[in-house]
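This report describes selected local features of one structure, with the residues and elements concerned named under each heading.

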Amino acid sequence: MPTDATTPTDFLLDNPIYKIIGREADLLGMNAYAVGGVVRDYFLGRPCTDIDIVCLGSGIELAKASAASINPKTKVSIYQNFGTAAFHYRWNSQDWQIEFVGARKESYRRESRKPIVENGTLEDDQNRRDFTINAMAFSLNNDSFGELIDPFGGIRDLNDGIIRTPLDADITFSDDPLRMMRAIRFATQLGFRIDEKTFNAIPGNAERIGIVSKERIVTELNKIILAPHPSTGFKLLNLSGLLKLIFPELAALKGVETVNGRAHKDNFYHTLEVLDHVAAKSDNLWLRWAALLHDIGKPYCKRYDQRVGWTFHGHEAKGSHMVKPIFKRMHLPLNGTERYVEKLVMLHMRPIILAEDIVTDSAVRRLLFDAGDDIDDLMLLCDADITSKNPEKVRKYLDNFQIVRRKLVEIEAKDKLRNWRPPIDGLLIMNTFELRPSLAVGEIKDAVCNAILDGNIGNNYVEAYQKMIDEGISRGLTPKHFYFQEKVENTDDGCTIRVNVKSLQRAMRWKN
């Protein structure tokens, strides 16, 4: 909350847009108000550059007049079907989005969250708002400039940290089921609690979330994931009955099974703990998604072994294969982000396995090769994945991760394997041995790659070419063409040498 010395009028005077809109509203003979998020965020002390204006009249007309008053060239976007208009406004080195609408009242049909809209009063408009903290308004007209209209006690609920619907929560959520997600999102973002009556109305309306578009659901879900403590939102989604409807794969992680007195951990709560750990270190939305999905394959790989207890072998591969279908169903972007998440889910056990054993150069080379530029995100995810209540076990893993990190730095500096591609590719193999695409081509390429990763040959064309020739001959193939070239290579001491690849002829034993 602001200090006593700060009044709403001071806030409104700080940005000239409010006076401009108020003046134009007076000239048009209509009342105008700043409403919703900009009012809420003022009292919370949060920045807000999206301003919603409600007027008793034509929002489109007021938008045009206000934009022209700022600059006659200001472009106004008009949405005639919705009776709204908006324009961008540059002030104080920031871009502001100003949206105008006439005051309205709404009624809903059971099968749709799209309302039937009629002209209304400010009271009608505030009645249709989702929560009390979003139903406050500042008057912008000259004779009442800065007056706060707060019919539902939004200030009180801000002070008490409560999310509450202005009217009957059951009707509010039934009319627009997305508001159930928004209640949980605001509670998570702001660290508020949801009023008991408001929350109790969610389970009975949870099934109505099915009429909401996937895009709108995932927008709210992403905002929950990006909150400081996203686990709060997922626990509320679970308690409300929404989680199993919008994210059944995550809900399937819940529960603990016990056989012969041996139980596994609850992978749902473990996942939320990992997510919170990642959130404390990174704002990367897709890294947080990787944390959320890292164990998503466990329910399908759970087995009980009489000797070792519960196992989840292969859950990383299963989980990685589940990522794209989840992204497609939820309408998440399929623009490479899903491949990033797939990779982290697939690889998240590798550093942990390394930390359980001797950290060899070969294993670190392979990890660096497979992770590429995402190695740092992978290591952060693995740090977060250590949630044991045994402090000695946690210390051991984290200490070993530091060894892995040191070796990663050393090997990257020496071998340059981040996003590395072998010096020999499939096309060269096919041309050399006059082969069509076949299993043999892949085997030769893998053999060259493995030899470099294992440190048996150097990461250079000369040694890789010779290894390719040797592998081909061992499979009964005869080189038909030779692709020698002169290459410039730098040595570790900074000297430049020229290597004539024709020197490889001395090693072409098939000619002897």
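## Glu316 in helix H17

In this predicted model, Glu316 lies in helix H17, which spans residues 315-330. Glu316 is buried but takes part in no salt bridge. The nearest side chain of opposite charge belongs to Arg350, at 8.4 Å; a salt bridge would require the charged atoms to be within 4 Å.

Beyond residues up to four places away in sequence, the contacts of Glu316 are with Val345, Met346, His348 and Met349.

Strand E3 (residues 77-79) pairs with strand E4 (residues 84-91) in the antiparallel sense, over three bridges. Within this pairing, Tyr79 has Thr84 of E4 as its bridge partner. The two strands form a hairpin with four residues between them, and Gly83 in the turn has a positive phi of about 70 degrees.

E4 also pairs in the antiparallel sense with strand E5 (residues 94-102), here over eight bridges. Phe87 stands opposite Ile98 of E5. E4 and E5 likewise form a hairpin, with two residues between them; in this turn, Asn92 has a positive phi of about 55 degrees.

## Nonpolar cores

Nonpolar side chains tend to be buried together in soluble globular proteins. The largest nonpolar core in the model comprises 113 residues, and those with the most contacts inside it are Phe234, Phe247 and Trp289. Neighbours within four places in sequence aside, Trp289 is in contact with Leu221, Asn222, Ile225, Phe247, Met330, Leu332 and Val341.

A second, separate core has 16 residues, among them Ala451, Ile452, Ile457 and Ile469.

Notes:
Residues numbered from 1 in each chain as written. Predicted model: local features only at pLDDT ≥ 70, side-chain atom pairs only at ≥ 80, totals over all residues. Heavy atoms only, no water. Buried < 20%, exposed > 50% of the residue type's maximum accessible area, 1.4 Å probe, protein only. Lys, Arg positive; Asp, Glu negative; His and termini not counted. Contact = heavy atoms within 4.5 Å. Pairing = 2+ DSSP bridges. Core = buried A, V, L, I, M, F, W, Y, C linked by side-chain atoms within 4.5 Å.
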